Amino acid sequence: MAEGPAGAHAAAAGTGDAPYAVELRGITKRFPGVVANRDIELRVRRGEVHAIVGENGAGKSTLMKTLYGMHRPDEGTILLDGRETTLRSPADAIAAGIGMVHQHFMLADYFTVLENVVLGSEPTKGGRLDRAEARRRIRDISERYALDLDPDVLVEDLGVGDRQRVEIAKVLYRGATTLILDEPTAVLVPQEVDELFGNLAELKREGLTVIFISHKLDEVRKVADSITVIRRGTTVGSADPRTTTARQLAEMMVGSELPSPQTRTSTVRETPVLELRGVTVASLTGRPVVDGATLTVREGEVVGIAGVEGNGQAELVDAIMGLRPLAAGTVVLGDEDISAWSTRTRREAGIGFIPEDRHRQGMLLEAPLWENRILGHQTRPPAVKGAFIDRSGARADTERIMREYDVRAPGVDTLAVALSGGNQQKLIVGREMSSAPRLLIAAHPTRGVDVGAQSAIWELLKDARAEGMGILLISADLDELIGLSDTLQVMLRGRLVATLDPASLTPEELGGHMTGAHDGAGSAA
Amino acid sequence: MTALRRLGSALLAPAIAVVFAVVITALVILLIGENPSTALQVLVDFGDTPAQQTQAIVVILNRAVPLFLAGLAVSVAFRMGLFNIGVEGQYRMATVLAAGAGAAVALPAPLHILLVIVVAMAVGALWASIVAILKVTRGVSEVISSIMLNFIALGTASWLLTGPLRGSEEGAAIITTEDLPESGQFPGLNGLFDVVGLAQPRGELYGFLLVAIVAGIAISVLLKRTRFGFDLRATGLSPSAATASGIDARGMVLKTMLISGAIAGLIGLPDLMGRTHHFGTEFTAGLGFLGIAVALLGRNSPIGIAFAALLFAFLDRAAVPLQFADIPASVVTIIQGTIVLAVVIANEIARQLTRRRAERDTGQGGPPAAENPPGGPAGTAGSRIDEHQGTGA
């Protein structure tokens, strides 16, 4: 590890005939009952940004885990710089110069950048952390790759983009010459994505290799030098981003036409289902996290809430669901003021809820599917009869949901934890739809689900809208917001700062509003 | 998953734990220079005559009844993620007050028995409700408050015994409450032995066994078949998901503690109404703590707790005979302690095995590294960052 990135430059300086930085030949990884990866062929040249694209569940993560030493393939060989290598653990991978930047950051909030970067491989002097040496090396890395990091800032005070650069610095600090970035843009707004791409160019210029995992095709075409497409566990081909269109890529990826979130004609009716009047939610410290939110959702209307995460959307959802007390304002459902109602009464009155974090709020992971069908519907048939659980009713209705919503699972007794994210989400959507709510609160309804499930969920939302359901859609996927919404509200620092017409809006413009660049209220993040 | 496999995985952990405990205990007995096989013989030797053998069964069952009730009380709270360590205090308070109330009134037999039971359950529930109220209004951890309330309960019970409810002679070595009149005593079940053709034992089989069975069935139905039970279990599995589904978490804490405390109130009654007829300084202690062990071993299911209570009672019976064989009676405590320790570990292993198998069966289960970063459930890392983004943006 001590050789550091310097060693990479020599290799990068070689000609095009130099061995591949990473080469995978015929990698197959089986789990009992499933083949997660089959005959994977991957060739990544040194000093390039190589994108791996595929739907969620296509096998990208399994492949990356193989490459990062988290498990060993059943067949096939891994060659690093032309040498056959066996990776038994992530430690082996790190020693071989492979670093992983995870999608979910693994940083300690109350540590400084320096402490986070060195954590686990601290330079020591006389048994104590050698801060001077660590600081020097981090400054060095920061300068060389234009990461713009101050070693002594608390991670707590950093934005998402900065945090990601800390993660990258962590990997570089350990001497990585090949970086794997797992869905790095998932948490970024468009402006931050551009900054990240700048950093990647910098890494490339210094001779490092970047493996970039994504399913966002426009980004991939913008940043990658070459692309490998994975579908159903195997590599279906590679593509040159300069000559391949997004549409061609998409078809390689899904093997059929790409779904679109675009809604058809407007179905908005006059009757409001939800009215928020000056809804204010206070944080523990008394600071308003939702500040005077006023909006109306009508029957057959999808109102989208756009905003960088953490600007009060989650609290707004909690306030509507009755999970958080209001500091001021009223919530009106139909023509009833429900501000003082309990969550259960609100649900019974016809609010469906697709929570942002399905593991935390949407399911009982260690309970079977049919019990998850009851969750949130404990007072309504077919799940219950009087004070008793209606087992056969709940089971039959779970089977119906699994059939109608294409939830793939062995049976209603399967534990929810055993399902993939997409199938869990389809079960939740099916469950919430089954009580025919007047209003649906959909927080990130397609987060972390594969393209197939995503288009299915979009279709369901569109159908529900056409039938007159009012939908409040909170999402970080700008295409989803623009495509599905009839009206868009932008949320910034707890306030609804702009009302936009999605029909004439580009994701870039929306991104500008989200960071406050368009309303002149303050500088962007 | 077939029923057989499910049963297998349910039995796996306790079985491993018991075997492990037996091995450890054998080692301990060897270490103190005695013969483990002698100890084993004593454990399974119920006596020579039929009367002795039925007597051994009566001793085991009579001990198992309060253990079962204690395990049940603990498990109800545990099912929703509450650690009711206060069962000990709850049953002491309940028993002393029920003994006092029962001795103070004269009623026809069924009513008298009912009164004692109702008083005990009410006192247990009330005492447990203090824990619940502290938790929902002030956020006091139920572990801390229930442990502290145990001390207060023991002290208060002693004061009640030596003061207002004292029934024994001034200066007697053993202080007791006044005896329950005959109408307040629970009739025994020894008629049963004649029916099945077994020899009559010396002692009396507690009639309270029936109450315990009814309580077990009632709790089982409550947990598995009712809406309330669903809410309770859902809260135990995921408090955040339960709240989002409309369950009132505070209300559930209060109701669950009331039920747990009411069952805890019953624990002392088999001995009180079936044998001693009074509460006193010599009254059976420690049942509340053993209840925690029994609930753990029984994996919080009423059937499991019944078996766990029988096992503990079976071990307890050997305490005296072991001493006749020159083996310290504390061997029993060692076995029990090791079982509990082992069962905690084995439960966790079995849980992971079941979960892993479930994931394998579907071949889905998502990429654990990406969706479940170590150190917390999925999303915590992300949402932490997101929260800060608000100030950073």
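Chain A of this predicted model is split by the domain assignment into three parts: domain 1 covers 6-254, domain 2 is made of 259-350 plus 437-525, and domain 3 takes 358-436. Notice that domain 2 comes in two stretches, with the residues of domain 3 falling between them in the numbering. If you look for domain 1 and domain 3 of chain A, their centres, taken over C-alpha atoms, are 38 Å apart.

Now step back and take in chain A as a whole. There are 18 helices and 24 strands to find in it. Along the principal axes, the C-alpha atoms of chain A fill a box of roughly 70 × 50 × 50 Å. Of the 525 residues, 54% count as buried. Sequence distance is worth a look too: taking the contacts in chain A with a separation of 6 or more, 69% are between residues 24 or more positions apart.

How far can you trust what you see? The mean pLDDT of chain A is 82, and 91% of its residues reach 70 or more. Two stretches call for some caution. Over residues 1-16 of chain A, pLDDT stays under 50, and the model has 21 contacts beyond four places in sequence for them. Residues 520-525 of chain A also stay under 50, with 11 such contacts.

For a closer look, go to strand β3 of chain A, residues 49-53. How many of its residues are buried? The count is 5 of 5, which leaves this strand mostly covered. In a regular strand, side chains alternate between the two faces of the sheet. In β3(A), A:Val49, A:Ala51 and A:Val53 sit on one side, A:His50 and A:Ile52 sit on the other, and all of these are buried, so both faces are covered.

Next, two spots where the backbone does something worth noting. A:Asp81 is not a glycine, yet it has a positive phi of about 50 degrees. You'll find A:Asp81 in the loop between β4 (75-80) and β5 (83-85) of chain A.

Finally, turn to the interior. In soluble globular proteins, nonpolar side chains tend to be buried together. The largest nonpolar core here has 267 residues, and those with the most contacts inside it are A:Leu179, A:Ile441, B:Leu69, B:Ala98 and B:Val294. Helix α3 (residues 50-79) of chain B supplies the largest share of this core, 15 residues. Take B:Val294 as an example: leaving aside neighbours within four places in sequence, its contacts include B:Leu67, B:Ala70, B:Ile305 and B:Phe312.

Notes: Residues numbered from 1 in each chain as written. Chains lettered and ligands numbered in written order. Predicted model: local features only at pLDDT ≥ 70, side-chain atom pairs only at ≥ 80, totals over all residues. pLDDT = per-residue confidence, 0-100. Contact = placed C-beta atoms within 7 Å. Core = buried A, V, L, I, M, F, W, Y, C linked by C-beta atoms within 7 Å. Buried ≥ 20, exposed ≤ 12 C-beta atoms within 10 Å, placed from the backbone. Helix = DSSP H or I, 4+ residues; strand = E, 2+ residues; numbered from the N terminus. Domains from an automatic or database assignment.
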